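Here's a quick briefing to read with the model open in your viewer.

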Amino acid sequence: MAIIGNEKYQELCVYLQQKGAALIAVSKLKSVADIRALYDRGQRDFGENYVQELLEKQPLLPKDIRWHFIGHLQRNKVKLIAPFVSVIHGVDSLRLLAEISAQAAKVGRTIDCLIQVHIADEETKFGLDEKEAIELMEHVAARPDAFGHVRIRGLMGMASFSEDANKVRAEFAALRALYHVIGQAYFLGKPYYDMLSMGMSGDYELALEEGSTHVRIGSLLFGERPSQ
Ligand SMILES: *Cc1c(COP(=O)(O)O)cnc(C)c1O
């Protein structure tokens, strides 16, 4: 299926700029040619979900792309993406965060990370609940040297797949509230704490109304994905 027309893409960019949000183009299961086409229009932030797929595409594409890993990341695969990944959105355990820091140290980098918070009512989605997210922050604050090569920039979440806009909005609002609570508690005076990653093709407008700073949009840009 074809990628979005240039006019529509530019319109979306202008709209997001007005809202003060950045666009992450989610290119999972999409070809290098499709990514390149969007790159040629100026897009630099791309999101991928699968390590193997990212490892295949990354060497074939320009080096100034910022790759956002937005899928579920297994600890044993962190080392594969540590040399080049820009932001890891799905951090949902202390052990994963520690491994990211260890692998980043090995390649002389500091990797930006987001804590994934479970805001939907669906069982299948990954992420911490609010209490667990705060516990994680407590551990990180208590042992900063164990996490010296990661920089937590904010939170990421996915709302329920629901037609009920009020429900989706309430989930995004809860994530924004937690983002501010954690910011006040652990990141005062730290301007790098600036990412609230929420909103996808079906719900990005609601997410923006609730304060999203980064929307992760796939099918709206690249067309429907093949079912796996
Ligand atoms: C696939 C995916 C997206 C993009 O989904 P679309 O509905 O195609 O916009 C966003 N975030 C995550 C975590 C995803 O896995």
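Helices here are DSSP runs of H or I with at least four residues, strands are runs of E with at least two, and both are numbered from the N terminus. Buried means under 20% relative accessible area, exposed means over 50%, and partly exposed is in between (1.4 Å probe, protein chains only). Packing goes by contact, meaning heavy atoms within 4.5 Å.

Keep in mind that this is a predicted model: local features need pLDDT of at least 70 and side-chain atom pairs count only at pLDDT 80 or more, while totals for chains, interfaces and linings use all residues. Residues are numbered from 1 along each chain as its sequence is written, and side-chain values use heavy atoms, with hydrogens and water left out.

**Helix α6**

- The expected span is 1.5 Å times one less than the number of residues.
- Ala133, Leu136, Met137 and Val140 are the buried residues of α6. Looking down the axis of α6, these buried residues fall within an arc of 100°, so they line one face of the helix. The arc is that of the directions from the helix axis to the C-beta atoms.
- An α-helix has 3.6 residues a turn, so residues three or four places apart point the same way.
- On the face of α6 turned away from the buried side you'll find the exposed residues Lys131 and Ala142.
- Asp129 caps the N-terminal end of α6, with a side-chain oxygen 3.1 Å from the backbone nitrogen of Lys131.

**Helix α1**

- Helix α1 (residues 6-19) has 14 residues and a C-alpha span, first to last, of 20 Å, close to the 20 Å expected at 1.5 Å a residue.
- Tyr9, Leu12 and Leu16 are buried in α1. Seen down the axis of α1, its buried residues fall within an arc of 60°, so they line one face of the helix.
- Cover for the buried residues of α1 includes β1 (22-26), α2 (32-40), α8 (204-209), β8 (214-217) and α9 (219-222).
- Glu7, Glu11, Gln17 and Gln18 are exposed, on the face of α1 turned away from its buried side.
- Gly20 follows α1 and has a positive phi, near 75°.

**Around the ligand**

- Which residues are closest to the ligand? Lys28, Asn49, Ser201, Ser219 and Arg225 are, out of 13 residues that surround the ligand. A residue counts here if one of its heavy atoms lies within 4 Å.
- β6 (150-158) and β8 each supply at least two residues of the shell around the ligand.
- Ser201 puts a polar side-chain atom 2.5 Å from an oxygen atom of the ligand.
- An N or O atom in the side chain of Arg216 is 2.9 Å from a nitrogen atom of the ligand.
- Gly218 has a backbone N or O atom 2.8 Å from an oxygen atom of the ligand. The protein covers 91% of the 390 Å² of accessible area that the ligand has on its own. Accessible areas come from the Shrake-Rupley method with a 1.4 Å probe; for residues, only the protein chains shown count as cover.

- His68 lies in strand β3 (residues 66-69) and is buried, at 3% relative accessible area.
- The side chains of His68 and Asp45 are joined by a polar contact of 2.7 Å. A polar contact is a pair of N or O atoms within 3.5 Å; within protein, one must be able to donate a hydrogen and the other to accept it, and residues adjacent in sequence count only if both atoms are side-chain atoms.
- Gly47 belongs to strand β2 (residues 45-48) and is buried at 0% relative accessibility.
- Setting aside neighbours within four places in sequence, the contacts of Gly47 include Ile24, Lys28, His68 and Ile70.

**Two loop residues**

- Gln58 sits in the loop between α3 (51-57) and β3. Is Gln58 buried or exposed? Gln58 is buried, with a relative accessible area of 14%.
- Leu29 is in the loop between β1 and α2 and is partly exposed, at 28% relative accessible area. Phi of Leu29 is near 65°, a positive value in a residue other than glycine.
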